[in-house]
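Hi,

Here is the structure I said I would pass on. Have a look, and my notes on its pockets, cavities and surface follow below.

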Amino acid sequence: MKIYISILAAILLGFGACKENERFEIGYSDDIPPATPQFVRYKPTYGGARIFYTQPNDKDLLSIDATYINKKGKEMWFSVSYYENYIDVYGFDTEEPYTIQLFAVDRAGNRSEKVPVVVEPLEPAVKQVASTVYCIAGFSSFYINWENGLMQSMNIFLDYSYQNAEGQLQESHIIYTSREAEERRFIRDPGLSVTAPVSVKVRVEDEFGNTSNTLDLGTITLLEDLKIPKDIWQIPGTNDSTIINRDGEVVNTGVPMGFFNGLEGRDYMAIDDIVSDGTFVNFTHAYGWGRTGNSRDGNMPWNYIIDLGDYYELSRIVTHQRYRHTGANEYSGREDYYRGENVGIYAMWRWDEETQQWDSITTHKITFPVDLPDRQYRILGRQGDMAYMYPESPKFTKPTRWFRYEAIAGFNDNYKSLNGNCLSEITLYGRKSEGY
């Protein structure tokens, strides 16, 4: 009996597969339009609507489509496969009622009769995104934040201006494109200074050509910090978890210095002020043994521990990835920037003399820039990735002599890979701690 049921099930599955394959038969043609989808309800969204429907039962149904005419007289078209029971329509520039035409399309290209659906969207997506934009003054730089809950493609037009060292008005214009739900972009301009206030304006535009009003984010004054000199920095040996506290005592912190001497890499190269650009070797390499230098202990998370040589209050960090050693005389492509064996997520720690423990500062995820030409990846990679110690409210840390960089994951597999073996340079900024 069990054998009979299995054979019958196999026959039915095979029949179903054949019927499904018929849907995509090459050269298929007919002139019979599909039945109309039955409108069920809609849910308003920012600048759009999600329309729920019941599909027609036509065996050659291919998609459910929706169209509307925007305020500029252009027809906007949206389509979903026959698997779905709803369709998202976007691009409305007001909260007024819109009439959407809903219809079915079969494999031969025949269309059903159109079903008019009247919807009232929420405020336009560009206005919603624009309402979330804000600007924060940082250390010798500033950043803008915005939210994009529907993750639609948005262009952020940033205009900022300041008086340069010669007293002339310096104006800059930047365009950011993003689909991220939350985004933060740092503006690092060598002409920015703490003595020249910066005026910032922003405008948001979506992929349908709708645009927000220009937002005046005001005038900000940047914070001042300095690059911490590296000439007296020291690092422990592999697997050394001891530090010397303020009283001169040797303390075992329980967190070992990682292994960074794999292949061409050397541990000291992450703090020698030389950035790898592919024409010479200058990076660390954990070789998959990053935790302790013993292969059985695995790779990540590994720790790079720095004795700053004195007490500092930290403000920000700039890290540089390995470009990859090619032996070439000039850049040959994107190479390993934002992928490969580079670190994508890391945490920062300071040694707290009061508690005699590592104190967590923050965890930083390096933004992966999408769909850029190789040249732009190289520019960003050479510039380095910057992060504030306290990104939500830029300020200095409490005094510390010991800093710990904890590499958590690489870029690959959507920041889940544990093959982050390489690092070219760590640079810290802050100020000397007086009287500590």
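First, the term behind the cavity count: on a 1 Å grid over the protein atoms alone, a cavity is a set of points where a 1.4 Å probe fits but cannot get out, while a pocket is an open set with protein on both sides within 12 Å along at least five of seven lines; lining residues have an atom within 4 Å of a point. Grid points are joined across faces, edges and corners, and a volume is the space filled by probe spheres set on the points. Keep in mind that this is a predicted model, where local features need pLDDT of at least 70 and side-chain atom pairs count only at pLDDT 80 or more, but totals for chains, interfaces and linings use all residues. Residues are numbered from 1 along each chain as its sequence is written, and side-chain values use heavy atoms, with hydrogens and water left out.

Cavities

There are two cavities of 30 Å³ or more. The largest holds about 70 Å³ of space, and its lining includes Y68, F92, Y98 and F208 along with K71, K72 and D93. By class, that lining has four nonpolar, three polar and three charged residues (Ala, Val, Leu, Ile, Met, Phe, Trp, Tyr, Cys and Pro count as nonpolar, Asp, Glu, Lys and Arg as charged, and the others, Gly among them, as polar).

The second largest cavity has a volume of about 40 Å³. Among the residues around it are H320, N342, Y405 and C422. Its lining splits into five nonpolar, four polar and no charged residues.

The largest pocket

This one has a volume of about 1600 Å³. It is lined by 45 residues, with E183, R184, R185, T367 and F368 lying nearest its centre. β12 gives the most to the lining, with six residues (strands are DSSP runs of E, at least two residues, and helices runs of H or I, at least four, numbered from the N terminus). The lining of the largest pocket comprises 21 nonpolar, twelve polar and twelve charged residues.

Where does Y46 lie? You'll find Y46 in the loop between β1 (38–45) and β2 (48–54). Y46 counts as partly exposed because its relative accessibility is 33% (buried is under 20% relative accessible area, exposed over 50%, partly exposed in between, with a 1.4 Å probe and protein chains only).

Cheers
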